[in-house]
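Please examine the sequence and the structure shown here.

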Amino acid sequence: MNQRMKLKYYCLDFLAFFAISLVNTQMIPYLTNIGYDVITRGYILAANAVVAIGGQFLFGYICDRYQKIKPFFTLAYTLLMVSGLAMLFYEERIFWYHLISVGMMGGMVKVIMGLNETWMLEADSEHYGALRAAGAIGLCAGSPVAGVLVDMYGFSILRWALIITSLLCYLFLYLVKDVEKEGKPIQLKTLTQLLTNIPYLILVLIYLLVYMIGTADQYVVVDKMLYLGSAHSLVGIKWALQSFMEVPLFLLAGKILKKYKPGTLLIFGTVMYAVKFILYGLSPNGWWIIATASLQLVTLPIIMLTSKLLIKETTPENLASSAQMFAMAVFIGGSGLITPLITSFLSERFGYDLTLFIVSVFAILPLVIIFLYLHMRKQKQPT
């Protein structure tokens, strides 16, 4: 890929994730502002996961079926933009309206992230880390911008910010080249092979449990910040810091993997999640929460990286794409469905601090399964 085309991809990645941050990072503050309680928000947020699970399967299939990514990325982005604008259109409680609009918007965020990851990897695998870093920087830039705009002008200003960003995004979607996907459509036979692969299923379970912990960072922690009286701009700073903390791993992934095994990194990342949520529970104000959020450096990016490597190790090459897509639908979509429902109930009953401590203790379960999995794999290795 020449430098000019590479620059266009960087701009597209930056703008797409900037647009995502405008609506996604202010979703919970917006729902809270118009009067939804924590239980009702849990139902709305669970709808995100339902759309994400179905959307990942659907868009993954049609990309394989037609051997294209660009037109379907454009479609997913259009759905994100329309549903994001719809979410912000009525600043009053209309449950079914927001269930659909917020559910579609949040679901398309997950779909776009998955499509983007596949597209950038196939467009330029050599510079994949830098391309993904451009997206992380887009999130990092858009999150505080969204918070400051809301504090100054209210949520309605986000409509115009999203429209302007989307016009620029469509321009670069027109300018960049598509790639031809390698792979076959998902078939029933393919899913059957995956569902009978025990090591693969154990890994999917492990990552589902770990992502359930990580998903609480997007919901319970933000709720606690709002409860403590943090400004919307401060919530944006939290999202921005976490996005920025992902950049080093994308750029240094090769060196890290040469030094540490994926299994060791998975254990470390899970333990750090537990530490992170203990500190969240102890945080007395929004700035303490933001300081704790810097531990994103040693949590989500590590978990994300190890998932791709360990799942690849357990599946045959001809099923590699299907295995990754199915796994992501389960542990990302599944955690997005389960976590809001559980944590909203716990928060309502026990408060935010105790809920965060419960989430940290929950890390023991995936850690036990990780050790059992690594022991099982070691036993099967030839001596």
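Q: Which residue does the side chain of Asp353 meet in a salt bridge?
A: This is a predicted model, in which local features need pLDDT of at least 70 and side-chain atom pairs count only at pLDDT 80 or more, while totals for chains, interfaces and linings use all residues. Residues are numbered from 1 along each chain as its sequence is written, and side-chain values use heavy atoms, with hydrogens and water left out. A salt bridge is defined as a side-chain nitrogen of Lys or Arg within 4 Å of a carboxyl oxygen of Asp or Glu. At 2.6 Å from N to O, the partner of Asp353 is Lys224.

Q: How many residues apart are Asp353 and Lys224?
A: Helices are DSSP runs (H or I, at least four residues), numbered from the N terminus. Asp353 belongs to helix H15 (residues 352–362) and Lys224 to helix H9, so that the pair links distant parts of the chain. Their separation is 129 residues.

Q: Is Lys224 buried or exposed?
A: Buried means under 20% relative accessible area, exposed means over 50%, and partly exposed lies in between (1.4 Å probe, protein chains only). Asp353, with a relative accessible area of 36%, is partly exposed. Lys224 has 3% relative accessibility and therefore counts as buried.

Q: Which residues are joined with Asp217 into one network?
A: Asp217 and Lys238 meet through their side chains in a salt bridge of 2.9 Å, N to O. Lys238 lies in helix H10 (residues 232–259) and Asp217 in helix H9 (residues 198–227), so the pair ties together parts that are 21 residues apart in sequence. Salt bridges with shared partners connect Asp217 to Lys238 and Lys276.

Q: What is the relative accessibility of Arg159?
A: The side chain of Arg159 forms a salt bridge with that of Glu91 (3.7 Å, N to O). Glu91 counts as partly exposed because its relative accessibility is 37%. Arg159 is also partly exposed, and its value is 23%.

Terms used. Helix = DSSP H or I, 4+ residues; strand = E, 2+ residues; numbered from the N terminus.
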